[in-house]
Each structure stands twice: as C-alpha cells, then as structure tokens.
Amino acid sequence: MAATIIDGKAISAKRRARIAERVTELKARGISPGLAVVIVGEDPASQVYVRNKVKACEETGVFSAKIVLPAETTQEALLAVVEELNGREDINGILVQFPLPAHLDEDAVIEAIRADKDVDGFHPESIGRLVVGKETFVSCTPAGVMVLLEESGVDLNGKDVVVIGRSNNVGKPVGLLALAQNATVTFCHSRTTDLPDHVRAADVVIVAVGRPEMVKGDWIKEGAVVIDVGINRLEDGRLVGDVEFETARQRASAITPVPGGVGPMTIAMLLENTLTATVRQNERKQGGLR
Ligand code: NDP
C-alpha cells in the first residue's frame with residue numbers, strides 16, 4: 001500500500017494561521033512581536049530565504065526589521081549590529097542568515113546573540129538546554145520535523161528512530177527531540193557502516209544529509225515513517241530529497257515529499273519561536289503574562 005503523504009504545506013499553513021491569531025491577541029494587550037533578520041552579502045539563496053522570512057512575518061502580523069550589510073562587513077561591525085539588536089525593545093528575536101562570507105566567524109556571531117532572543121536555536125545555551133531537557137529554543141527545522149510527526153499521529157514512544165546526519169542544526173537536535181519522546185535513537189553519519197541495515201530496522205527514518213536520493217526505497221521497513229529533510233537541486237532543475245521517494249512511498253506508511261514536506265515548516269517554527277521569545281521576555285518584564 002502506498003504511503004500517506006505528509007503535507008508540510010498544509011500543516012505549516014495551519015500553524016501560521018494560529019500564529020496570526022496569537023499575534024492579534026498579543027497586540028490587543030499592547031505587545032508587538034518583532035524579529036530582526038540580518039543578511040550579509042549577496043548570496044542569492046540567502047536572499048530568497050530572507051525574503052520569505054520577512055514575507056511570513058508580514059502575513060502573520062509580526063514586525064520585522066531586515067538589516068542588509070555589505071559582503072565586506074567586518075566581524076566587529078557585525079557584532080556591533082547584533083549588540084544593538086540585543087538591546088532593542090522592539091526586537092524579540094534575532095536571526096543572522098547563514099552562510100556568512102568566509103572572513104566572518106559564524107560561531108562568534110551565534111554566541112553574541114542574546115540567548116533569550118536566539119530564535120534560530122543555534123546558541124550553545126539553547127543547545128545545552130535541549131540536551132538537559134530544559135525549556136529552550138529548538139532550531140526551526142528539527143522543531144518542524146517534530147510537528148509533522150505529531151500532526152501525522154506518529155507516537156515515538158518506544159520506537160526505533162534512525163537519524164541520518166549529525167549536524168548541529170538538524171541531525172543532532174532532531175535525534176535529541178526524538179529521545180525526549182522516548183524513542184530509541186540511532187545516529188548515522190558518513191562513517192556509519194551498513195547504513196542500509198540500520199535503516200531496515202527503523203520504525204521512523206529521519207534523513208538530513210544533502211545527497212540526492214541516497215536512501216533507497218528498498219531499505220525502508222514495511223510500514224515505517226520517512227521524514228526527508230534533504231533539499232537537492234538536480235542538474236535538470238528538479239528538486240529532490242535525500243530519499244528515493246517513489247520507491248520509498250511503496251513501503252512506508254507515511255512519508256514527506258520534497259518539496260512540500262519539511263521545508264515549509266521551518267519558517268512557521270521561526271515565527272513560533274519569535275512568539276515564544278516575545279512572551280518570555282514580557283513575562284520577565286511584567287511578571288505573570290501568559
Ligand atoms: P550538513 O552538511 O551539515 O550535514 C550532513 C550530514 O550528513 C553530516 O552529519 C554527514 O556526516 C552526513 N553524511 C554525509 N554523507 C553521508 C553518507 N554518505 N552517509 C551517511 N551520512 C552522510 O547538512 P545539514 O544537516 O545542514 O543539512 C542536511 C540536508 O538538509 C541538506 O540537504 C540541506 O539542504 C537540508 N536542509 C533542509 C532544511 C529545510 O528547511 N527543509 C533546513 C536545513 C537543512 P559527517 O558528520 O560524518 O560528515
């Protein structure tokens with residue numbers, strides 16, 4: 001039986017509609033959520049991502065400040081911009097679009113962002129809090145994966161979850177989130193031997209590698225759930241994931257398509273994190289706001 005297609009577009013639209021309602025509620029109480037998006041240089045893909053983020057803010061009523069800096073911006077100048085945003089009352093969340101030009105130190109920029117404005121969830125404090133199971137900002141793509149699973153009725157309790165990829169922004173956090181939901185988690189990566197065997201044993205496979213269709217459909221256990229984070233542009237212009245979709249969907253019980261699966265969730269989760277940041281900062285300021 002062919003798998004249910006997990007519709008990230010529809011799930012994201014539902015979340016964004018709810019976010020717009022929450023923004024209206026907050027504004028009625030005199031609180032206006034604000035997100036700063038900083039872009040350095042003219043990387044075309046980054047420009048598209050930033051444009052989409054600003055548009056999503058406009059559509060949900062979140063105030064956005066787009067800060068465009070030239071490619072030759074120095075580390076000191078960039079850190080000064082972050083510092084200024086840290087202090088701005090109208091900015092609750094700060095996102096610096098990566099990759100930065102090669103002369104800039106991304107880690108130092110992440111660490112300069114005030115932890116309570118770290119809506120990208122990349123700050124070491126956010127990641128540390130995730131590891132110890134404390135309230136934190138979860139980075140947007142892994143958070144989006146968990147929403148897709150939840151909305152698809154997938155209970156991870158006791159399940160064997162295989163995560164392929166161990167990056168700090170996707171693989172590691174998504175594995176930790178699955179662990180927090182009582183899954184038995186295996187992390188696979190470029191040095192893993194017998195990758196197909198790991199995948200064959202998995203109830204849920206989450207793939208975040210960046211290699212077109214590397215996970216073959218016949219590796220998927222009958223009835224498994226497949227979440228494909230990968231986005232790969234082929235030479236013929238087609239966009240494909242890290243999983244061989246057509247064959248995998250014949251075996252899986254549910255699967256995300258590319259595009260239209262994980263991708264649309266990322267911006268929705270960024271907006272959610274911005275709202276969370278807003279509420280937390282106001283709670284701290286006024287006490288008791290929910
Ligand atoms: P990284 O390049 O940071 O990490 C890739 C991971 O894949 C590494 O851990 C690497 O292992 C592992 N890997 C590489 N080759 C193999 C292999 N042959 N077998 C098993 N594992 C392998 O990528 P990201 O995590 O940032 O992104 C992964 C994919 O997800 C990309 O396609 C990216 O475009 C996409 N993405 C999509 C988003 C969305 O919104 N949908 C958001 C973010 C990313 P090792 O650590 O050993 O090198």
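## A loop with a cis proline

Pro-99 sits in the loop that joins S4 to H4; helices here are DSSP runs of H or I of at least four residues, strands are E runs of at least two, and both are numbered from the N terminus. The peptide bond leading from Phe-98 into Pro-99 is cis, with omega near 0 degrees. This is a predicted model, in which local features need pLDDT of at least 70 and side-chain atom pairs count only at pLDDT 80 or more, while totals for chains, interfaces and linings use all residues. Residues are numbered from 1 along each chain as its sequence is written, and side-chain values use heavy atoms, with hydrogens and water left out.

Leu-104 belongs to the loop between strand S4 (93–96) and helix H4 (106–112) as well. Is Leu-104 buried or exposed? With 7% relative accessibility, Leu-104 counts as buried, where buried means under 20% relative accessible area, exposed over 50%, and partly exposed in between (1.4 Å probe, protein chains only). Setting aside neighbours within four places in sequence, Leu-104 is in contact with Val-40, Thr-73, Thr-74, Gln-75 and Leu-78; contact means heavy atoms within 4.5 Å. Pro-33 is 71 residues from Leu-104 along the chain, and their C-alpha atoms are separated by 29 Å.

## The chain as a whole

Let us step back to the overall fold. The chain has 10 helices and 11 strands. Its radius of gyration is 19 Å, close to the 19 Å that the globule rule gives for 290 residues, so the chain is as compact as a globular protein of that length. That radius is taken over C-alpha atoms, and the rule is 2.2 Å times the number of residues to the power 0.38. Along the principal axes, the C-alpha atoms fill a box of roughly 50 × 45 × 35 Å.

Of the 290 residues, 49% count as buried. Among the contacts with a separation of 6 or more, 69% come from residues 24 or more positions apart. The accessible surface is about 13,700 Å², and 51% of this belongs to carbon and sulfur atoms; areas come from the Shrake-Rupley method with a 1.4 Å probe, and for residues only the protein chains shown count as cover.

On the charge side, the chain carries 33 positive and 40 negative side chains, and the centres of the two sets lie 4 Å apart. Lys and Arg count as positive and Asp and Glu as negative, with His and the chain ends not counted. Each charge is placed at NZ of Lys, CZ of Arg, CG of Asp or CD of Glu.

## Cysteines

How many disulfides does the structure hold? There are 0, a disulfide being a pair of cysteine sulfur atoms within 2.5 Å. For Cys-57, the nearest cysteine sulfur is that of Cys-140, 11 Å away.

Cys-57 lies in helix H2 (residues 44–60) and counts as buried at 0% relative accessibility. Beyond its neighbours within four places in sequence, Cys-57 is in contact with Leu-35, Val-62, Ser-64 and Leu-271. Arg-16 is 41 residues away from Cys-57 in sequence, with a C-alpha to C-alpha distance of 9.7 Å. Another cysteine, Cys-188, is buried too, at 1% relative accessibility.

Not counting residues up to four places away in sequence, Asn-86 touches Ile-94, Ala-112, Ile-113, Arg-114 and Lys-117.

Which residues of helix H7 (residues 171–180) are buried? They are Gly-171, Pro-173, Val-174, Gly-175, Leu-177 and Ala-178.

## Backbone details worth a look

Most residues other than glycine have a negative phi, and most peptide bonds are trans. Asn-182, in the loop between H7 and S6, has a positive phi near 70 degrees without being a glycine. Asp-194 is likewise not a glycine and has a positive phi of about 55 degrees; its place is the loop between S6 and helix H8 (195–200).

The peptide bond from Val-258 to Pro-259 is cis, with omega near -5 degrees. Pro-259 is found in the loop between strand S11 (254–255) and helix H10 (263–286).
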